[in-house]
Amino acid sequence: MVSHASSWPVAATAGDWMSGIYTFELPTTGSLSFADHFADGLDVYTTQIADATQARANLRAVLKESRHTDGDKDYLRLVKTLEEYLPHLYAINSCVASGDLVQTQDPVFSWRTTLSAHLFNNSPRLELPGLPAELVFTFLTYGFALSNLARLNVAALGTYERERGISDVERKAKDEKLGFAVTLLCRASGLFEHVGTTALSGTEQTPVRQSGRARPPELSKEVSSALSKLALASAQTLAIRKLMTKSSYDSTVAPGPPLPTSHPSPGLLAKLHLEASALCSSAESLLRIPASRKHDMEVAEPLLLYARDGAALHGALAHKWLGADAGAHDAHGVAVGFLGWAKRELDALRDGCARAGGGGKEEGRDGRRERRERIAAEAEDAAQFLRYYTRMNDTLSFQPVASQAELQTSVPAGRLAVAVKAFVPPTPAFGPGSVEYIRKHADSLDLGDKETSPDGQQSPTGPAGRPSYAGAGSYF
């Protein structure tokens with residue numbers, strides 16, 4: 001069978017890519033001194049406890065500054081501040097667990113919930129007792145910061161794959177930066193997964209609810225799982241874009257058919273989009289669970305819209321590429337069916353994007369306009385495909401156009417191009433598990449080994465550690 005791949009319309013490589021990354025509103029936290037709540041009898045950790053309080057104060061200051069900063073925020077500084085605080089928080093937690101520190105009174109940590117639906121655009125402040133809740137909110141803030149940092153890095157790249165004057169070296173360098181954003185999102189996905197599978201188990205034994213106030217989404221395992229899926233879907237979106245940067249550039253330099261040999265397989269692109277759609281769809285279902293519970297706060301609408309629109313967009317793009325793949329294999333009736341389906345979905349999504357939300361409270365007016373424009377570009381891209389293969393079918397193939405019901409049975413399974421990067425807990429800054437603690441423990445074991453041999457006899461070394469066995473120092 002003769003393939004018409006060489007006659008594809010140039011629109012096959014066109015279409016500006018949405019960043020596909022939600023803009024998280026960052027929480028803020030109140031002040032707290034660990035010395036007011038934890039102590040050791042011998043004052044061994046007095047300085048370390050003060051250092052932990054200072055690290056938390058630094059985090060509070062950065063979050064407060066970020067909240068009052070308009071425009072781009074310093075997410076890299078926030079990430080570094082969180083990475084400095086976490087070892088101290090782990091140290092406090094491990095010392096309490098081992099008995100090295102005694103809790104003199106219950107610590108109550110103040111955090112704003114930014115994932116909950118609330119009136120008057122005001123994030124409620126919650127009083128959360130116990131270290132487990134502090135760990136959860138710190139982890140979530142870390143994940144939000146990584147995701148927002150990835151989005152900021154992607155925005156700085158612009159549509160570099162469409163710049164006619166860009167060299168291969170420059171394009172590859174920006175491809176690497178795009179890959180770095182993918183890594184950030186995979187790390188965020190791992191953090192959110194860790195919250196749902198590990199960190200939240202500690203809050204089940206802790207009274208985290210205030211009197212008269214429902215549980216926030218941040219303390220829901222379903223919401224944490226949803227956030228992990230959304231971060232992974234965002235990473236998948238960027239991975240698809242990275243896969244197409246070479247073909248997008250080649251089409252800009254030499255527009256028009258035939259498509260460049262660097263263009264990825266439409267069938268592969270369809271499977272990648274199908275997996276991203278499935279991740280977003282699953283995330284939306286999980287995000288709606290708290291609303292069905294009596295004592296849980298509902299999730300903020302922008303996050304729900306983002307998950308829903310992400311599933312719809314990736315689903316539509318998957319149908320577009322399935323249509324392109326069918327057309328490349330001369331199945332023009334199937335191609336027209338898939339492309340008509342994709343165009344209807346994209347048109348509906350474009351019209352729905354006139355509403356606010358779907359990209360996060362921090363997205364802003366410019367972000368919403370950019371999102372609408374990009375969806376409109378994808379809709380026009382699908383329309384060009386549809387016109388092309390309709391003409392091919394009406395003049396050459398005369399195949400019956402497949403119905404949507406028939407097409408649904410032929411949609412393949414999705415495929416992941418990225419993977420969650422599992423969160424690796426930091427080494428505690430002090431106490432059990434810390435470098436200094438392990439070193440001292442190892443030194444004490446070494447000292448014991450030197451003083452006594454396994455059979456209870458004196459070790460064959462002198463006071464200075466020199467061998468004292470017969471013939472010591474004599475080698476032949």
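At 26% relative accessibility, T390 counts as partly exposed, the class between buried (under 20% relative accessible area) and exposed (over 50%), computed with a 1.4 Å probe on protein chains only. T390 is placed in helix α9; helices (H or I, at least four residues) and strands (E, at least two) are DSSP runs, numbered from the N terminus. In sequence T390 and G333 are 57 residues apart, whereas their C-alpha atoms are 8.2 Å apart in space. The model is predicted, so that local features need pLDDT of at least 70 and side-chain atom pairs count only at pLDDT 80 or more, while totals for chains, interfaces and linings use all residues. Residues are numbered from 1 along each chain as its sequence is written, and side-chain values use heavy atoms, with hydrogens and water left out.

The protein chain contains 11 helices and four strands. Of its 476 residues, 50% are buried. Among contacts (heavy atoms within 4.5 Å) with a separation of 6 or more, 81% are accounted for by residues 24 or more positions apart.

Helix α1 (residues 46–67) comprises 22 residues and reaches 32 Å from its first C-alpha to its last, close to the 32 Å expected at 1.5 Å a residue; the expected span is 1.5 Å times one less than the number of residues. The buried residues of α1 are I49, A52, T53, A55, R56, L59, V62, L63 and S66. An α-helix has 3.6 residues a turn, so residues three or four places apart point the same way. The elements covering the buried residues of α1 include β1, α2 (75–98), β3 and α3 (131–157).

Cavities were defined on a 1 Å grid over the protein atoms alone, as sets of points where a 1.4 Å probe fits but cannot get out, with lining residues having an atom within 4 Å of a point. The largest cavity is lined by Y22, F24, S147, F192, L227, L230, A231, S234 and Y306. Helix α5 (residues 221–253) contributes the largest share of this lining, four residues. By class, the lining has seven nonpolar, two polar and no charged residues, where Ala, Val, Leu, Ile, Met, Phe, Trp, Tyr, Cys and Pro count as nonpolar, Asp, Glu, Lys and Arg as charged, and the others, Gly among them, as polar.

Most residues other than glycine have a negative phi. D43, in the loop between β1 and α1, has a positive phi near 55° and counts as exposed at 55% relative accessibility. F398 also has a positive phi, of about 55°. This residue, F398, is found in the loop between α9 (364–397) and α10 (404–408) and, at 59% relative accessibility, counts as exposed.

Terms used:
1 Å grid on protein atoms, 1.4 Å probe; cavity = no way out; pocket = protein on both sides within 12 Å on 5 of 7 lines; lining within 4 Å.
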